[in-house]
Structure formats: structure tokens, C-alpha cells
Amino acid sequence: MKICILPGDGIGPEIMAEAVRVLRMLDLGFEMEEGLLGGCAVDATGDPYPLATQQLAQDADAVLLGAVGGPQWDRLAREQRPERGLLGIRKHLGLFANLRPAILYPELANASTLKSEVVAGLDILIVRELTGDIYFGQPRGIEVRELAGRQERVGFNTMHYSESEIRRIVRVAFEAARQRRRKLCSVDKMNVLETTQLWRDVAEETANEYPDVELSHMLVDNAAMQLVRNPKQFDVIVTGNMFGDILSDEASMLTGSIGMLPSASLDANRKGLYEPCHGSAPDIAGQGVANPLATILSAAMMLRYTFALESSAQRVEQAVKTVLAQGYRTADIHEPGTRKVGTREMGDAVLAAL
Ligand code: NAD
């Protein structure tokens with residue numbers, strides 16, 4: 001059980017240290033090796049995803065990542081930017097399934113911009129296809145064309161999905177639903193787009209393999225509306241790359257607390273890259289005030305999805321719930337009447353709860 005640890009930049013090393021302490025405390029026999037990704041890798045080697053890190057990531061069963069980027073690297077050429085390292089590792093590892101839970105712990109219901117009765121206790125999972133769709137389809141481009149007798153620039157992209165691409169992501173979503181409340185909603189735009197008619201057909205066919213999971217379908221415009229109207233109607237949502245891009249950001253913001261949200265990106269063999277949804281927060285880096293819970297919850301996702309250690313994953317998630325119930329809050333989620341702590345103290349509280 002090998003884990004490649006990539007703390008990255010900004011608050012990355014601070015939040016990663018707490019997640020590593022949690023993993024060590026569980027004492028499950030993990031082999032952990034640290035590597036460089038992002039700006040720190042550019043500084044050390046000139047490359048945001050250096051060969052040594054590629055080797056480490058390749059050999060590991062899972063990668064746990066902090067965050068990359070920062071203003072000091074913003075003026076570099078595009079290929080040298082820290083974010084290139086992130087795209088590089090996702091592509092290199094063939095991570096086609098992006099899993100983003102949006103959970104709002106009852107204690108944090110006031111962090112959301114929505115009414116607390118709409119979102120308190122929210123627990124949904126968005127499964128987004130990550131390597132296909134209109135973002136990658138050919139042909140694409142901007143060309144000058146003759147239209148109605150005059151020359152005009154035309155921009156075009158191609159929405160493209162093969163049956164096998166759809167089936168593998170839908171299976172990931174059914175498997176995830178099996179470990180939750182057994183409800184899967186597939187989101188498409190089949191009334192207008194043939195590609196997504198195929199998406200719906202393949203989802204229906206795949207449902208035969210999962211008779212214990214209830215499958216429903218929703219058009220994407222309605223799904224966007226339902227997510228703010230009544231988000232608790234959903235358990236797992238599965239959708240393509242573009243719709244998932246938009247809906248997963250919408251869903252994560254229902255919770256209002258970016259420092260709390262983990263994510264997983266998986267390949268066909270359950271190898272995964274696990275990371276918090278937030279960035280490297282350069283504005284608070286080095287101050288010991290960042291919220292480490294999204295990274296700790298990403299480690300819990302790693303236990304669940306790569307290592308199939310469901311009970312250990314739940315222990316970590318339960319420990320996070322416990323510290324919130326005990327009133328511990330980092331600055332980003334602090335409210336009057338709760339106990340304001342720094343990164344390390346929050347880690348200590350999670351370890352104590354474990
Ligand atoms: P950000 O997520 O880093 O920060 C947005 C705001 O949220 C900031 O005010 C920050 O202090 C706060 N915040 C974020 N994480 C927090 C945490 N764990 N605890 C407490 N507060 C937290 O987004 P940004 O400011 O737009 O980007 C900063 C850098 O991060 C940029 O270089 C960007 O490219 C990079 N970035 C990286 C990733 C990634 O590594 N996956 C994702 C997004 C942005």
C-alpha cells in the first residue's frame with residue numbers, strides 16, 4: 001500500500017502534515033514517500049511535474065496532494081506554471097472519474113448562503129467524467145469561413161463520447177451509490193444533444209448490472225435549478241465533463257466552506273489522486289491558520305476508494321464530525337461561540353477524536 005505524498009505550495013505543506021499524522025495514527029502499514037509538484041518543483045528542477053515525481057506517482061497506489069500555485073510563479077511561461085503540473089499528473093495517470101462530495105455538517109449550516117433548512121445535513125456526491133466530452137473532442141478551433149457571402153470567424157468544438165467511455169464512468173457512479181443511499185441521478189441534455197441521448201441509453205443498459213440501485217435521469221438545466229431548490233433530493237449524480245464542471249462547483253458552494261471539501265480522481269483500476277477542492281491559499285500560507293479538514297477528508301476518500309478500507313474511512317470522517325461538534329473551528333469557518341484554532345491544533349483535535 002504505497003502512497004505518494006505531494007504537499008505542493010502555499011498552505012499545501014501545512015495541511016498535508018496533518019493528513020499524514022492522521023494516516024500514521026491509523027497504523028495501517030502504508031508506505032509513504034514525498035515528492036515535488038507545482039511551484040516548489042519548478043524552483044527545484046525547472047519542471048512543475050519532474051521525472052522523479054512521475055516515477056513516484058506511477059509506482060504508488062494512490063497520490064495525496066495538497067495544492068499548487070502562487071503569485072510568484074504567475075509570470076512564468078504556460079508550460080512551466082505550477083497548474084501545468086496538476087494537469088500533467090491527471091493526464092499521466094489516466095484519471096477519468098472525478099468524485100466530489102458536497103457535505104454540509106449541521107454545525108456549519110450558517111456557512112451556506114442558502115437557508116439552513118435547505119442545506120443542513122446535505123450529503124451528495126457528484127461523479128464527473130474528466131477526460132472526454134466537448135473539452136477534448138475533435139475538430140475544434142477558430143476559423144475564418146464564408147457565411148452568407150461574407151467572411152466571418154467561426155469557433156467550434158465537438159461534443160464526443162464513446163459507449164465505453166460512458167459505461168466506465170457510469171459504473172464508477174453505480175459502485176459509489178452502492179456504498180451510499182443507492183440512488184443515482186444521471187444528468188444529460190438528451191432532448192437536444194445526440195451524444196447525451198447515447199449517454200442516457202448506456203446509463204439505462206448499465207443499470208441492469210445494478211438492480212439494487214435506483215436510477216433516474218434529469219436534464220442539466222433542471223439539475224442546476226434543483227441543486228439550489230432542493231439539493232437534499234440527490235444522493236449520487238453522474239454526468240459528463242462539461243455539465244459536471246459546472247454542477248460540481250455549484251454543489252460545492254452550497255456548503256459555503258471551501259476548506260472542508262475533499263475530492264478524488266480515479267483511473268480504471270481504482271488508483272486515485274486525492275486532493276482538497278481549494279487552492280494553495282497564498283494569502284494565509286505560512287501562518288498556521290489553514291483548515292486541514294478537506295485534506296484529512298481527502299485521505300478518508302483514499303482509504304475508501306483506492307484501498308477499500310471503508311471502516312477506516314468512516315472512522316476519519318466520524319472524527320471530523322466529532323471535532324466540529326466539540327466546537328473546534330479554523331478561522332475560515334469560525335463563528336462566535338466556537339473555539340478558534342490553528343492548523344496544528346485542529347490536527348491534534350482530530351487525532352484525539354480518533
Ligand atoms: P484558493 O482556494 O487558494 O483560495 C481562495 C480563498 O479561500 C482564500 O481567501 C483562501 O485563504 C481561502 N482558503 C482556501 N483554502 C483554505 C483552507 N484550507 N483554509 C482556510 N482558508 C482557505 O483559491 P485562489 O486564491 O483563487 O488561488 C490561489 C492559488 O491556488 C492560485 O495559484 C491557483 O492557481 C491555485 N489553485 C490550485 C488548485 C489546486 O492545486 N488544485 C485549485 C485552485 C487554485
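These legends accompany close-up views of a predicted model.

**View A. Helix α1 packs against helix α10.** Helix α1 covers residues 12-26, and helix α10 covers residues 293-305. Their axes lie 8 Å apart and meet at an angle of about 40°. That angle makes α1 oblique to α10. The crossing of α1 past α10 is right-handed. From α1, the contact uses Ile15, Met16, Glu18, Ala19, Val22, Leu23 and Leu26. From α10, Thr295, Ile296, Ala299, Met302 and Leu303 take part. By class, the residues of this contact of α1 with α10 are 10 nonpolar, 1 polar and 1 charged.

**View B. Helix α8 packs against helix α9.** Helix α8 spans residues 220-229, and helix α9 spans residues 241-255. The angle between them is about 10°, with the axes 10 Å apart. The two helices, α8 and α9, are therefore roughly parallel to each other. On the α8 side, the contact is made by Val220, Ala223, Ala224, Leu227 and Val228. On the α9 side, Phe243, Leu247, Glu250, Ala251 and Leu254 contribute. The residues of the contact of α8 with α9 comprise 9 nonpolar, no polar and 1 charged.

View C. A polar backbone atom of Ala281 sits 2.8 Å from an oxygen atom of the ligand. Asp283 places a polar side-chain atom 2.8 Å from a ligand oxygen atom. For Asn291, a backbone N or O atom is 2.9 Å from a nitrogen atom of the ligand.

**View D. A cis peptide bond joins Gln138 and Pro139.** Omega for this bond is about 0°. Most peptide bonds are trans. Pro139 belongs to the loop between β5 and β6. Strand β5 covers 123-129, and strand β6 covers 141-147.

**View E. Arg270 has a positive phi.** The value is near 70°, in a residue other than glycine. Most residues other than glycine have a negative phi. Arg270 lies in the loop between β11 and β12. Strand β11 runs over 262-266, and strand β12 runs over 272-276.

Methods
Residues numbered from 1 in each chain as written. Predicted model: local features only at pLDDT ≥ 70, side-chain atom pairs only at ≥ 80, totals over all residues. Heavy atoms only, no water. Axes fitted to C-alpha atoms, helices over the stretch in contact; angles between N-to-C directions. Helix = DSSP H or I, 4+ residues; strand = E, 2+ residues; numbered from the N terminus. Parallel < 35°, antiparallel > 145°, perpendicular 65-115°, else oblique. Left-handed = near helix turned anticlockwise from the far one by under 90°. Contact = heavy atoms within 4.5 Å. Nonpolar A, V, L, I, M, F, W, Y, C, P; charged D, E, K, R; others polar. Polar contact = N/O pair within 3.5 Å; in protein donor to acceptor, adjacent residues only side chain to side chain.
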